[in-house]
Amino acid sequence: MQFDILTIFPQFFESSLQVSLLGKAITQKKLNVALHNFRDFATDKHKTVDDVPYGGGPGMVLKPEPLVNTIESISGKKKSKCILLTPRGTLFNQKMARQMAKLDQLILICGRYEGVDERVCELVVDEEISIGDYVLNGGEVAALVLLETVARLIPGVLGNEASLSHESFNEGLLEYPQYTRPPELRGLKVPKVLLSGNHKEIEAWRGSQAIKMTKKRRPDLLKKLQNEKKPAKEPT
Ligand code: SAM
């Protein structure tokens, strides 16, 4: 899968793209990440990317030409989506990540300052996405969140694909509690069932713990799951 990231701070991504599973996946060519500094596509000799907002107000706005010109310089793949990271976008979740992992290409635009000229959205953006109800200084952190979440769903990127099927949000639930050695630490024992070797019982325990955890911490998820499972009402 191809990721194209538009940013004025490409150096922001350097270490993240070199280490751990992401670094390995890039080395193994399971995915490719191209960083595009849209300052290079500015139209004046000073390479200006921002300007004052029309109508007044604080801060600066990213000019449309450098962003649009950069997007037009990127060779588009068949199944491609251009995403603007913005606090006003749709809240990102695992379901959206799963859909994105089926694409050939994700183009991510990292805003800065007060955001981007609205015409960029009309001309090149397919979807606006937020990573949460808070405001970051720039879209780079948000782009990394999308990149890492989507990349680990690409077949072959995770060492053990089985981990995907059990983790939080996969079946609409949070994950069950995990334990490793030692079997007892400062009086706290690992639940007996996990040491029993009885896989059926372990599975059942994990299932009930996942429900308990979700009920306690994210009852909204459980409600959503129950609604999805309800048979659709027969038309009258
Ligand atoms: N003036 C904007 C507003 O009030 O919505 C905030 C701009 S913010 C300081 C600069 C850039 O950071 C945004 O253009 C966007 O790319 C990125 N950003 C900030 N918060 C974000 C979030 N929660 N999700 C995704 N991107 C975010």
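Q: Before any totals, what does buried mean here?
A: A residue counts as buried when its relative accessible area is under 20%, with only the protein chains taken as cover. Please keep in mind that this is a predicted model.

Q: OK, and how much of the chain counts as buried?
A: Of the 236 residues of the chain, 40% fall into the buried class. The accessible surface of the chain comes to about 15,000 Å², and 53% of that belongs to carbon and sulfur atoms.

Q: How many helices and strands does the chain have?
A: The chain has eight helices and nine strands.

Q: What is the radius of gyration, next to that of a compact globule?
A: The chain has a radius of gyration of 22 Å, whereas a compact globule of 236 residues would be near 18 Å. Along the principal axes, the C-alpha atoms fill a box of roughly 70 × 55 × 40 Å.

Q: Switching to the ligand: which residues are the closest?
A: The ligand is surrounded by 19 residues, and the closest are Leu85, Gly111, Gly132, Tyr134 and Leu136. By type, the shell divides into nine nonpolar, eight polar and two charged residues.

Q: Where do backbone atoms come up against the ligand?
A: A nitrogen atom of the ligand lies 3.1 Å from a backbone N or O atom of Ile131, and a polar backbone atom of Gly132 is 3.0 Å from a ligand nitrogen atom. An oxygen atom of the ligand, in turn, lies 3.5 Å from a backbone N or O atom of Gly138. As for cover, the ligand on its own has 580 Å² of accessible area, and the protein covers 82% of it.

Q: What about Ser130, is it buried or exposed?
A: Ser130, which lies in strand E7, has a relative accessible area of 2%, and because that is under 20% it counts as buried.

Q: And what does the side chain of Ser130 reach?
A: The side chain of Ser130 reaches the backbone oxygen of Gly132 at 3.0 Å, and Gly132 is also one of the closest residues to the ligand. Leaving aside neighbours within four places in sequence, Ser130 is in contact with Thr86, Pro87, Gly89, Thr90, Leu91 and Phe92.

How values were computed:
Residues numbered from 1 in each chain as written. Predicted model: local features only at pLDDT ≥ 70, side-chain atom pairs only at ≥ 80, totals over all residues. Heavy atoms only, no water. Near = heavy atom within 4 Å. Polar contact = N/O pair within 3.5 Å; in protein donor to acceptor, adjacent residues only side chain to side chain. Areas by Shrake-Rupley, 256 points an atom, 1.4 Å probe, with all protein chains shown as cover. Nonpolar A, V, L, I, M, F, W, Y, C, P; charged D, E, K, R; others polar. Helix = DSSP H or I, 4+ residues; strand = E, 2+ residues; numbered from the N terminus. Rg over C-alpha atoms; globule rule 2.2 N^0.38 Å. Buried < 20%, exposed > 50% of the residue type's maximum accessible area, 1.4 Å probe, protein only. Contact = heavy atoms within 4.5 Å.
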